[in-house]
Amino acid sequence: MRFCEFAKFMHENYEANANDSEFVSILIDAILDESALEKEGNPNPIYGLSANTRLAYYSGKRQISQRKAAQIVPNLSEESFDNFVSHYSMDALDHMRDKLGEYGFDVEPYEVGKACANILAQIIKRRSEGLSDDVTKLDYKRLEKGQRLKNIAPASIERRGNKLEIAGEIITINQALVPDSIAEQELEYIHALYEVFEPHPDCWTEEIQIR
């Protein structure tokens, strides 16, 4: 995926109004570290370009210049861009996931933001090194796909009001979700909890509120 393809792909799913030239600047803003944006002076060198040059980047007639890309690299933040993508609608994210698949990027729905951030970061880094802007694979650490746990009983299970303690982890749950008595269906209920949280280990914190 080249920058021109990436820009159009992001733009067609963007819900705010922005013309093609403006959207190039918006994309670069979105991948800059917030601390850099707060400093005096504009860390986004794209704003210093003419609208025609930005349009050339958008259309693919020109690639981002090596010098401009090198100015952007020190302030890159994939986390910031991931957060930017998180504001897209669910329908847009579903469409983006499918579109990424057409380019050979097979990602889970919850990885769309990380994948887009990684693609744009790679594009800018490649251009800063004088390479083409064509990205063909993701190079961030992918989350392993969860596998269903079967017939696994946690080391300890204890219910305390609206909380469950499972192997030392405390989970706060909606009281309505807990049967009055889970003695007979305890293992089935715990397995259901594992299926929810096991694919996303980063969801396990000291205390989790489920709504």
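1. Asp-82 has a relative accessibility of 22% and counts as partly exposed, because burial requires a value under 20%. This holds for a predicted model. Asp-82 forms a salt bridge with Lys-114, and the closest N and O atoms are 3.8 Å apart. The two residues come from distant parts of the chain: Asp-82 sits in helix 6, Lys-114 in helix 8, and 32 residues separate them. Lys-114 is also partly exposed, with a relative accessibility of 37%.

2. The count of salt bridges comes to three. Another of them joins Arg-2 to Asp-133, with the closest N and O atoms 3.1 Å apart. Arg-2 belongs to the segment before helix 1, while Asp-133 is in the loop between helix 8 and strand 1 (157-160), so this bridge ties together parts of the chain 131 residues apart in sequence. Arg-2 is partly exposed at 27% relative accessibility, whereas Asp-133 is buried at 4%.

3. Glu-102 is exposed, with a relative accessible area of 60%; Lys-99 counts as partly exposed at 26%.

4. Seven aromatic pairs turn up in a search of the whole structure. In the pair of Tyr-14 and Tyr-88, the ring centres are 6.1 Å apart and the planes meet at 50°, so the pair is classed as tilted. Tyr-14 lies in the loop between helix 1 and helix 2, and Tyr-88 in the loop between helix 6 and helix 7; the pair thus links distant parts of the chain, 74 residues apart. Tyr-14 is partly exposed at 23% relative accessibility, while Tyr-88 is buried at 7%.

5. Phe-81 and Phe-84 form a tilted pair, because their planes are at 45°; their ring centres are 5.3 Å apart. Both belong to helix 6 and are three residues apart, so about one helical turn separates them. Phe-81 is buried at 0% relative accessibility. Phe-84 is buried too, with a relative accessible area of 16%.

6. Which residues form one aromatic cluster? The members are Phe-6, Phe-9, Tyr-14, Phe-23, Phe-81, Phe-84 and Tyr-88. Phe-6 and Phe-9 are among the buried residues of helix 1.

7. Helix 1 spans residues 3-11 and is mostly covered, with seven of its nine residues buried. Those residues are Phe-3, Cys-4, Phe-6, Ala-7, Phe-9, Met-10 and His-11. They pack against helix 2 (20-30), helix 4 (51-59), helix 6 (78-85), helix 7 (90-102) and helix 8 (112-128).

8. On the chain as a whole, there are nine helices and three strands. Their order along the sequence is α-α-α-α-α-α-α-α-β-β-β-α. Of the 211 residues, 40% count as buried. Among contacts between residues at least 6 apart in sequence, 63% join residues at least 24 apart. The accessible surface of the chain is about 12,300 Å², and carbon and sulfur atoms account for 45% of it.

Definitions and conventions
Residues are numbered from 1 along each chain as its sequence is written. This is a predicted model: local features need pLDDT of at least 70, side-chain atom pairs count only at pLDDT 80 or more; totals for chains, interfaces and linings use all residues. Side-chain values use heavy atoms; hydrogens and water are left out. Buried means under 20% relative accessible area, exposed over 50%, partly exposed in between (1.4 Å probe, protein chains only). Helices (H or I, at least four residues) and strands (E, at least two) are DSSP runs, numbered from the N terminus. Contact means heavy atoms within 4.5 Å. Accessible areas come from the Shrake-Rupley method with a 1.4 Å probe; for residues, only the protein chains shown count as cover. Rings of Phe, Tyr and Trp (its six-membered ring) pair if their centres lie within 6.5 Å; planes under 30 degrees apart count as stacked, over 60 as edge-to-face and the rest as tilted. A salt bridge is a side-chain nitrogen of Lys or Arg within 4 Å of a carboxyl oxygen of Asp or Glu.
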